[in-house]
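Please have the sequence and the model open while I talk.

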Amino acid sequence: MELHSIEAKSGLSRARYPESFLVSLYRALAPYRGCAHGCLYCDGRAEKYYVDGDFTRDIQIRENLPDLVARDVDGGTASREYGAVCIGSGVTDVYQGAERERGITRATLEHLSRAGIPIVILTKNNLILRDFDILSRFPAALIITTITTVNEKDARFLEPGATPPSGRLEIVRKAKEHGFFAGIMAMPLCPGISDGESSFAALLDAAQEVGADFVYPGGLTLRPGRQKDAFMALVDSRYPDLRPLYNDLYRENRQSGMPLASASAVLHARLDRMVRTRGMSQMIPHRVYRSLLSAPDSLFVLFCHMQNLYQMRGVDTRPLKAATDRYAEWLGEARTALRRKRGAGSFPGTFPVTGELTERLLELSATGNLSLILRNDRLTALASEILNGGVYFDYPSLSIVSG
Ligand code: SF4
């Protein structure tokens, strides 16, 4: 492994809307680029991400990231808006071997822990256990680990440098014991290797046993070029009988890497059913991210997730999408106006933008004006009930639950 220094251009930076996949308001921080875990399916190898050199051997390090984050935390960037920051990305693992040597992730967390905002961390390495002391200082922490199979032999072929699946399950168990939220990204499930009914059922059993808050499944994409080449080499060497299946599923060579749409739809319907029938959540649940985001932002994420949830059940989601778009417009404009107001005279750290945004939303709800934005009676009633507190939207049952 060779370590190369590169410069981080930014530290803590807020987005206009929360990111609904990893439920965070701040743009993701990535102390490294490239990944020595060397997962053969890794999308980060794709040319699209411009990671220079050998993806698994040439690891780039943003050594100045902790300083930039410290500058932003001390400057009050975070204290003005409550919302999670995610550390991790699709082109690196923040707890790979380089972290053991350089500690950039730990140093970044040290500074972030002073900001008063929640944290979301994504990793396949149990080195994260080292940092549970710092994670305890955040107002809320969500730890996500990817597990695509509990078959240790397949995992050794697929994810040679990552902590074995049993160790990753222990991350979830220990995270829950520490009072953190913890869930599993079960993606990518690889055709014929880890996407079968029994393989996924075993993963769900294990996830339930360690108390995972969710299992978020997804299929394999193979972008033509370095990513597809690496994976097909694995298929040829370890799973040669599956070559015809892969040739067929990925014959369209789409730039997105997606397999045949018909196969993908069947797979997702099955995975969704399997997660749901166990009463588990197939996405990061509302009861989790309502602690990670402000009320206006968590409502936005809920509307986005509801589109996926209802779509998977064959419901026409166009009215929901239209209402979400209108809500997004209100949210974006209200937030921009408040940020401008702060820029016009108030001091860093003294203007609780999110607090004011939440107050505005509550007022809209109390005066009945939220319905003018959403123009959807059922959604307005649901939003008002959630804003009144003490309830959340349960994904498996698609209903409001007390708690
Ligand atoms: S741990 Fe994540 S970033 Fe690293 S190789 Fe595996 S999939 Fe890629």
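This is a predicted model: local features need pLDDT of at least 70, side-chain atom pairs count only at pLDDT 80 or more; totals for chains, interfaces and linings use all residues.

Let me begin with a question: in which helix is Pro66 found? Pro66 is found in helix 1, residues 65-74, where helices (H or I, at least four residues) and strands (E, at least two) are DSSP runs, numbered from the N terminus.

Not counting residues up to four places away in sequence, Pro66 touches Ile104, Ala107, Thr108 and His111, and here two residues are in contact if their C-beta atoms, placed from the backbone, lie within 7 Å. Between the C-alpha atoms of Pro66 and Tyr289, which are 223 residues apart along the chain, the separation is 25 Å.

Next, the overall division. The protein chain is divided into domain 1 (2-289) and domain 2 (295-402), with bounds that come from an automatic or database domain assignment. Taken over C-alpha atoms, the centres of domain 1 and domain 2 are separated by 27 Å, and the contact takes 26 residues from domain 1 and 24 residues from domain 2. On the side of domain 1 that touches domain 2, strand 2 (14-19), helix 10 (261-277) and helix 11 (286-289) each supply at least two residues, and helix 10 gives the most to that side, with four residues.

What are the residues that touch the most other members of the largest nonpolar core? Of its 117 residues, they are Ala84, Val85, Ile119, Val120, Ile143 and Val215, where a nonpolar core is a set of buried Ala, Val, Leu, Ile, Met, Phe, Trp, Tyr and Cys residues joined through C-beta atoms within 7 Å. Helix 12 (residues 295-312) gives the most to this core, with nine residues. Domain 1 and domain 2 both give residues to this core, so it lies between them. As general background, in soluble globular proteins nonpolar side chains tend to be buried together.

If we look at Ala84 and leave aside its neighbours within four places in sequence, its contacts include Val23, Ile119, Val120 and Leu293. Val23 is found in the loop between strand 2 and strand 3 (24-29), and counts as buried, with 29 C-beta neighbours inside 10 Å. Its phi is near 40 degrees, a positive value in a residue other than glycine.

Strand 7 (residues 119-123) and strand 8 (residues 141-146) pair in the parallel sense over five bridges, with Ile119 opposite Ala141; strands count as paired if DSSP finds at least two bridges between them. On its other pairing, strand 8 is joined by five bridges to strand 9, and these two run parallel, with Gly183 in strand 9 as the bridge partner of Ile144. Is strand 8 mostly covered or mostly open? Strand 8 is mostly covered, since six of its six residues are buried: Ala141, Ile143 and Thr145 lie on one side and Leu142, Ile144 and Thr146 on the other.Strand 9 (residues 181-189) is also the place of Pro188, and a cis peptide bond, with omega about 5 degrees, joins Met187 and Pro188.

Finally, the ligand. Among the residues that surround the ligand are Cys35, His37, Cys39, Cys42, Asp93, Lys124 and Glu159, a residue being near a molecule if its C-beta atom, placed from the backbone, lies within 6 Å of it. By class, this shell has five nonpolar, four polar and three charged residues, where Ala, Val, Leu, Ile, Met, Phe, Trp, Tyr, Cys and Pro count as nonpolar, Asp, Glu, Lys and Arg as charged, and the others, Gly among them, as polar.

How values were computed. Residues are numbered from 1 along each chain as its sequence is written. A residue is buried if 20 or more other C-beta atoms lie within 10 Å of its own, exposed if 12 or fewer, and partly exposed in between; C-beta atoms are placed from the backbone.
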